[in-house]
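Hi there,

Here is the structure I promised to pass on. Have a look at it first, and my notes on what turned up follow below.

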Amino acid sequence: QHPGWPARLGPVRVAAGEVSLRPVRLRDAAAWSRTRLRDREHLERWEPTGRGAWEARNHVSNWPSLWSSLKAEARRGAMIPLVIEVDGAFAGQLTIGNIVRGALRSAWIGYWVTKDLGGGGVATAALALGLDHCFGQVGLHRVEATVRPENLASQAVLRNVGFREEGLLRRYLDVDGAWRDHLLVGMTVEEVVGTVLDRLIREGRAALP
Ligand code: ACO
């Protein structure tokens, strides 16, 4: 175990319902696969290129090996792989990855939320909970995220929690079948006044249940 793992974060109330985060579980297989097969169009454009067809990669039988590699990374302190729940039901994933200690004390954060909950404030609340965890228990100094310039919804989410734009990374990630430019955004702990969640609550974007 390492600081901040395993973690249960939230709940916090937004328009879509009560948002909380918890570690990935082996028994997430069915919900994970069902949502990802249903939401292919919503997800595929923004995700790393995978080997093989979407249907095969997101088949229920693929979850156990994915789950076990996520858990292995978490055990060695490099990752915090969480499921986003809304009103207790599977609603997506939030992952904190490439956790580096030493003089850098940094990580990246990424997320996806099911299409049916779109615009309900779920990603914004989940990201706030994840960031506060990074700067709190995990003890990081900096968190970064990368987002395609075409992904306006995700950019809005990042902006709304206080990320600052740092630059454009050209042909940075192999996403949806090609090398894609990505905007780099970052946040350091000094930029957070109180907590990120406090800010959302002050702005009326979230409330404590
Ligand atoms: N153009 C501009 N803004 C938009 C658009 C659009 N087409 N669609 C939605 N938005 C805005 C909304 O208005 C809202 O901003 P506001 O609160 O200022 O009005 C914001 O985007 C959405 O906020 P939430 O409701 O908190 O987000 P949601 O729960 O709908 O999830 C997400 C957003 C994560 C991008 C979801 O659509 C998704 O999973 N998409 C596919 C996967 C993906 O793109 N993941 C992110 C990859 S980048 C990364 O991980 C750092």
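Predicted model: local features only at pLDDT ≥ 70, side-chain atom pairs only at ≥ 80, totals over all residues.

A nitrogen atom of the ligand lies 2.9 Å from a backbone N or O atom of Y111. On the oxygen side, a polar backbone atom of A153 is 3.3 Å from an oxygen atom of the ligand. R205 takes part through its side chain: an N or O atom there is 2.9 Å from an oxygen atom of the ligand.

Next, a helix pair. Helix α5 covers residues 122-135 and helix α6 covers residues 152-160. Their axes are 9 Å apart, and the two helices pack at an angle of about 45°. That angle lies between the limits of 35 and 65 degrees, so α5 and α6 count as oblique to each other. Their crossing is right-handed. On the α5 side the residues that meet α6 are A123, T124 and L127, and on the α6 side they are V157, L158 and N160. Sorted by class, this contact has four nonpolar residues, two polar ones and no charged ones.

Last, some backbone geometry to check before you set anything up. Most peptide bonds are trans, and most residues other than glycine have a negative phi.

- The peptide bond from W5 to P6 is cis, with omega near -5°; P6 sits in the segment before β1 (9-14).
- The peptide bond from G10 to P11 is also cis, with omega near 5°, and P11 belongs to strand β1 itself.
- D87 has a positive phi, near 50°, although it is not a glycine; this residue is in the loop between β3 (80-86) and β4 (89-100).

Best wishes, and happy exploring!

Terms used:
Residues numbered from 1 in each chain as written. Heavy atoms only, no water. Axes fitted to C-alpha atoms, helices over the stretch in contact; angles between N-to-C directions. Helix = DSSP H or I, 4+ residues; strand = E, 2+ residues; numbered from the N terminus. Parallel < 35°, antiparallel > 145°, perpendicular 65-115°, else oblique. Left-handed = near helix turned anticlockwise from the far one by under 90°. Contact = heavy atoms within 4.5 Å. Nonpolar A, V, L, I, M, F, W, Y, C, P; charged D, E, K, R; others polar. Polar contact = N/O pair within 3.5 Å; in protein donor to acceptor, adjacent residues only side chain to side chain.
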